[in-house]
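Please look over the sequence and the model before reading on.

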Amino acid sequence: MRRGEGIVGLGETLRIETSGHDRVVDAAAAWTSLAAEADIDDRVGLPGTGLVAFGAFAFADQSESTSVLVVPELVLGIREGRAWVTRIALATGDDEAADAAASEELEIPEPAPRRRVPRVTFSPGAVPPEQYQAAVADAVRRIDAGDLEKVVLARQLLGELQEEDGLRATINRLAEDYPDTWVYAVDGLIGASPETLVRVDHGTVSARVLAGTTARGAGEASDRERAAALAASAKDLAEHALAVASAVKRLEPHTARLDASPEPFTLQLPNLWHLATDLKGTLGDGSSSLDLVQAVHPTAAVAGTPRRVALKVLAELEGFDRGRYAGPVGWIDGDGDGEWAIALRCAQVAPDGTVAAYAGCGIVHDSVPADELAETVMKFRPIVEAFGG
């Protein structure tokens with residue numbers, strides 16, 4: 001959901017699970033095969049109508065977390081002032097029975113009673129604050145030695161969700177407090193991401209690149225000053241340029257045309273400012289949204305530059321498996337169109353109630369460990385507050 005528009009799936013008709021280096025490629029192939037066999041009656045024709053699957057992918061090839069596409073039984077959607085319902089079922093082989101089922105009056109389930117916001121107390125995970133600062137200092141030394149230009153290092157917080165607490169109130173709070181982000185809840189991964197990885201809609205492709213961050217000011221004047229300082233910061237502009245160059249390099253081979261914002265703009269969120277650049281173009285090779293996810297993930301905004309070296313360094317310095325944090329999360333339809341965000345400002349809720357929240361920062365040659373630690377605290381705020389913190 002974003003700005004009150006989007007899709008919500010209920011139930012599970014089937015799921016596609018993948019893992020390893022080819023997790024996105026394998027999921028895309030399975031989805032293409034499934035969509036080719038589907039009988040689709042879509043009389044609305046808006047993004048998110050017809051056959052859809054919700055997806056969440058692990059960040060790293062070697063992650064122990066599985067990647068998943070979930071096909072729901074029921075989809076409720078709203079976009080451009082129009083609302084719709086989609087029902088998805090497995091074919092029975094009995095055409096008459098299928099036609100009869102399709103013609104039945106569709107019952108929309110009543111909303112469950114609103115529960116209170118869960119109270120989850122978070123504590124540092126595998127890497128305590130002082131160890132994170134040491135990792136940042138180590139990364140800066142490697143950058144100054146010429147090993148790489150940028151690496152993104154993340155922290156983890158852990159908490160426990162009680163059995164009687166549901167996630168609906170948490171998700172609603174994210175949607176209400178951060179309406180300009182992509183709010184998602186897929187297979188236990190929930191969050192509010194400000195960054196679009198890639199969006200494909202009838203031959204057009206778009207993305208939003210974020211890199212460079214500062215806190216909001218205490219008052220209106222202070223807030224404007226902070227935004228202006230971010231827009232003029234040589235450190236943040238350099239970090240942002242690396243992220244944009246990475247995204248353009250990965251998308252250009254698949255587009256007939258690709259345009260970028262002439263210069264970064266400051267994106268205002270309730271708790272911080274980001275430097276942002278929007279990319280928009282025309283597909284040139286018929287790629288699906290998952291094909292482009294495969295091409296661009298992981299971006300420099302969540303991994304670093306050069307990508308291969310940065311991935312090796314972050315694996316050495318972070319000290320934990322990111323799981324689906326900073327991986328692609330979104331949806332795909334029967335034509336291959338879809339919207340995919342980067343799983344930021346997020347937490348993964350395990351079946352046993354363990355809640356793992358994540359936040360990271362881009363480290364460049366003039367990064368200061370204490371400042372980067374403070375930035376992670378800012379980035380943890382949306383998910384910590386959504387869990388009652």
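## What counts as a cavity

A cavity is a set of grid points where a 1.4 Å probe fits but cannot get out, and its lining residues have an atom within 4 Å of a point. The model described here is predicted.

## The cavity and its lining

The structure holds 1 cavity of 30 Å³ or more. The volume of the largest cavity is about 80 Å³.

Its lining is made up of Glu-195, Thr-196, Leu-197, Ala-207, Arg-208, Val-209, Ala-243, Ala-247, Leu-251, Val-296, Thr-299 and Ile-342. Two or more of the lining residues come from each of strand E11 (196-201), strand E12 (204-215) and helix H6 (234-251). Sorted by class, the lining has 8 nonpolar, 2 polar and 2 charged residues.

## A three-stranded sheet

Strands of a sheet pair through backbone hydrogen bonds, either parallel or antiparallel. In this model, 3 strands form an open sheet with the order E1-E5-E6, and their pairing is antiparallel. Strand E1 (6-10) and strand E6 (82-87) each have a single partner strand and stand at the edges, so one side of each is left without a neighbour in the sheet. From one strand to the next, the twist averages 15°.

## The pairing of E1 and E5

How many bridges join E1 to strand E5? There are 5 bridges between E1 and strand E5 (residues 74-79), and the two run antiparallel. Val-8, for one, has Leu-76 in E5 as its bridge partner.

Methods. Residues are numbered from 1 along each chain as its sequence is written. This is a predicted model: local features need pLDDT of at least 70, side-chain atom pairs count only at pLDDT 80 or more; totals for chains, interfaces and linings use all residues. Side-chain values use heavy atoms; hydrogens and water are left out. Two strands pair if DSSP finds at least two bridges between them. Helices (H or I, at least four residues) and strands (E, at least two) are DSSP runs, numbered from the N terminus. Axes are lines fitted to C-alpha atoms, for helices over the stretch in contact, and angles run from 0 to 180 degrees between N-to-C directions. On a 1 Å grid over the protein atoms alone, a cavity is a set of points where a 1.4 Å probe fits but cannot get out, and a pocket is an open set with protein on both sides within 12 Å along at least five of seven lines; lining residues have an atom within 4 Å of a point. Grid points are joined across faces, edges and corners, and a volume is the space filled by probe spheres set on the points. Ala, Val, Leu, Ile, Met, Phe, Trp, Tyr, Cys and Pro count as nonpolar, Asp, Glu, Lys and Arg as charged, and the others, Gly among them, as polar.
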